[in-house]
Amino acid sequence: MGLLSHFILGLVVAVLVAYFMSIKKNGGSSVVSDIKKEYDYIIVGGGSAGAVLASRLSEKDDVTILLLEAGGEETENPLYHVPAGCFVLQKTEADWGYYTEPQKFSHFGLKGNRSYWPRGKVLGGTSILNCMVYNRGSRYDYDNWASQGCTGWAYDDVLSYFLKSEDILIPTLKDSKFHNTGGYLGVSHARVTPFVDYYLKAAKELGFKIVDYNGEEFEGFGETQFTIRNGERSSTSKAFLRPVMHRQNLQVSSHSSVVKVIIEKQVAVGVEMVRGGRKYQIYASKEVILSAGAIGSPQILMLSGIGPKPHLDELGIPVIADLPVGENLQDHLMFGVTTGINITGSFTENAVSSWWTYVQYFLFGTGYLSSSFLEVVAHVQTERDKEFKSAPDIQLFFLSGVPNKDLIGLRDDVKNETRSKLPDEGLHGIVGLLHPKSRGTIRLRSRNPFDPPIIDPNYLAEEDDVKTFIRGFRVMEKYLATKTMQKIGVTLDLLNFKLCGGHEFLSDVFVECLIRHNAVTMYHPTSTYKMGSPKDPSTVVDPQLRVKGIGKLRVVDASVMPDVTSGNTNAPTIMIAEKAADMILER
Ligand SMILES: Cc1cc2nc3c(=O)[nH]c(=O)nc-3n(C[C@H](O)[C@H](O)[C@H](O)COP(=O)(O)OP(=O)(O)OC[C@H]3O[C@@H](n4cnc5c(N)ncnc54)[C@H](O)[C@@H]3O)c2cc1C
Ligand SMILES: *[C@@H]1O[C@H](CO)[C@@H](O)[C@H](O)[C@H]1NC(C)=O
Ligand SMILES: *[C@@H]1O[C@H](CO)[C@@H](O)[C@H](O)[C@H]1NC(C)=O
Ligand SMILES: *[C@@H]1O[C@H](CO)[C@@H](O)[C@H](O)[C@H]1NC(C)=O
């Protein structure tokens, strides 16, 4: 039996208790079956951004809001609240389950040269599937956005919105001016294994600083901060939406798929939605706001006639605004190094399925079920880059266990080779490419809104990306060779794959071969309707997130980022929604 099946067994028990915990905490509900003909605001998609937006807009009690979500409610499955669930929720009903197109420059070790792109399909969206790392990114990310024409989005402008959401639960950070208490979003450490001390000691050995990466200094190593409160996932539905579900001016409709925006004379007046096989037209007197995520929103925009003219022409969709929707797709790519170790305490089958683990979780909300095991994170600048000022180009993660390789869709022969070598106790060092130069696209497959779009991230098309990746790998290599890591028995032996055996072990070409075969998505697609100056032909939305040339239509989610941030994308997406709410209500 694999790690995955033990995990599921264990979680069955977790489910029961978590279930009672969640019933207790649910407030009233404004999930409705009867939808009115008109609202002031219609929000499409209740994910990381949409749930936050619905919560904030409904604070104003003289406006009415309808939130439409294609998936079900997050209260339906207690597993959605258990942090360790992040490894078992993919390919369930809460996941859209996309695949990329076969890649020309990467994914050679994956089935059909495609990677699997999970995306949340449930209230809370991808904040239900994610691994809960709380990471705002580098201040230079936002300063770069501002210098590209995103007026009002420099670091000093957005910091207050990060703070607004936050309820920091880490005692040593409570007094930091970079953190806040009392917000909706619980942020805590989730230290489970004894490895954290080793990770940080090895970092110091190499001369890295130990930092609060959401504070003054981003570069260096730090114990990971998670969107976890009392051992439960702080999804945006649970954190922001449930506490306000009783509001009379907020209605939520689940299992409701929006198929297009209704546009009259260049003004968005409502949406067309399908629920239970029936089509509805619902009108918005003030605004339609798309928060359907990096794949859903471009799809809806293009189906509504907003997109690149040649592509829409090809499909026979009348063009309402010729804008580069679906261009500029960016994603972080990651490559993992698995190694055995000779100390105990990692996230193993036995540890996860032991009775003590359940007792600990149910009674105290701690232990192996209360974490996603990415216990330490680092941000490293491998080469000073003028373009990005001082934003790091590489992220490292230290996962205190041996992950299940089935999740990434390896080719059978590669999977077999890996499997036969996997240790029980081990750790997994991840190298992530933060600022890819390669750009991909999202296009419609057809005019059918239920057809998944064509996703082509075009990973590693640019040679520079491979070079940066190799530099990142070298940092990991040095790190794993530190005295501290050697003392716990770390080796690079498992990397000796047959598939790259034609090259000298660990030479640059060997590492490039590994990366082009086995690097996979870090699940952070963004930037397909980038924000910026309306005069810039590469932008789709202005700094108020209004779609250019169309009245009363905004897009508020991860893909308005002109460039992906230097870290995980959930916290920045929540920040975008917080700021958008103030812009929409003109607060
Ligand atoms: C496996 C995984 C792990 C991750 N780990 C982390 C992490 O540790 N830390 C981190 O910061 N980030 C992480 N991320 C990324 C992060 O969660 C996302 O960037 C973020 O949630 C995106 O938010 P969003 O609001 O743009 O989209 P989403 O949260 O995906 O929301 C979009 C919502 O719109 C709905 N929708 C789509 N189409 C329609 C339609 N036509 N009609 C109605 N509703 C629709 C969807 O069902 C969904 O609920 C991870 C992602 C994945 C997949
Ligand atoms: C995958 O990539 C390999 C190496 O470039 C190529 O030989 C193979 O034909 C590709 N397969 C698919 C399905 O694209
Ligand atoms: C992989 O292993 C399985 C199970 O042992 C076996 O049936 C299959 O033929 C192997 N596939 C390849 C390509 O080696
Ligand atoms: C672990 O392995 C290293 C390297 O082989 C060795 O020096 C160390 O003593 C071992 N520690 C234990 C506890 O076995």
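The side chains of Asp95 and Tyr116 are joined by a polar contact of 2.7 Å. This pairing belongs to a predicted model, in which Asp95 occupies the loop between strand S2 (65–68) and strand S3 (98–99).

- Asp95 is buried, yet it has no salt bridge.
- The nearest side chain of opposite charge is that of Arg119, which lies 7.1 Å away from Asp95; a salt bridge would require a side-chain nitrogen of Lys or Arg within 4 Å of a carboxyl oxygen.
- Beyond its neighbours within four places in sequence, Asp95 is in contact with Leu89, Gln90, Tyr116, Trp117, Pro118, Arg119, Lys121 and Leu129.

**Ligand 2**

- Asn113 places a polar side-chain atom 2.3 Å from an oxygen atom of ligand 2.
- On its own, ligand 2 has 370 Å² of accessible area, of which the protein covers 34%.

**Ligand 4**

- The side chain of Asn342 has an N or O atom 2.3 Å from an oxygen atom of ligand 4.
- The protein buries 33% of the 360 Å² that ligand 4 exposes when taken alone.

Notes. Residues numbered from 1 in each chain as written. Chains lettered and ligands numbered in written order. Predicted model: local features only at pLDDT ≥ 70, side-chain atom pairs only at ≥ 80, totals over all residues. Heavy atoms only, no water. Helix = DSSP H or I, 4+ residues; strand = E, 2+ residues; numbered from the N terminus. Buried < 20%, exposed > 50% of the residue type's maximum accessible area, 1.4 Å probe, protein only. Lys, Arg positive; Asp, Glu negative; His and termini not counted. Polar contact = N/O pair within 3.5 Å; in protein donor to acceptor, adjacent residues only side chain to side chain. Contact = heavy atoms within 4.5 Å. Areas by Shrake-Rupley, 256 points an atom, 1.4 Å probe, with all protein chains shown as cover.
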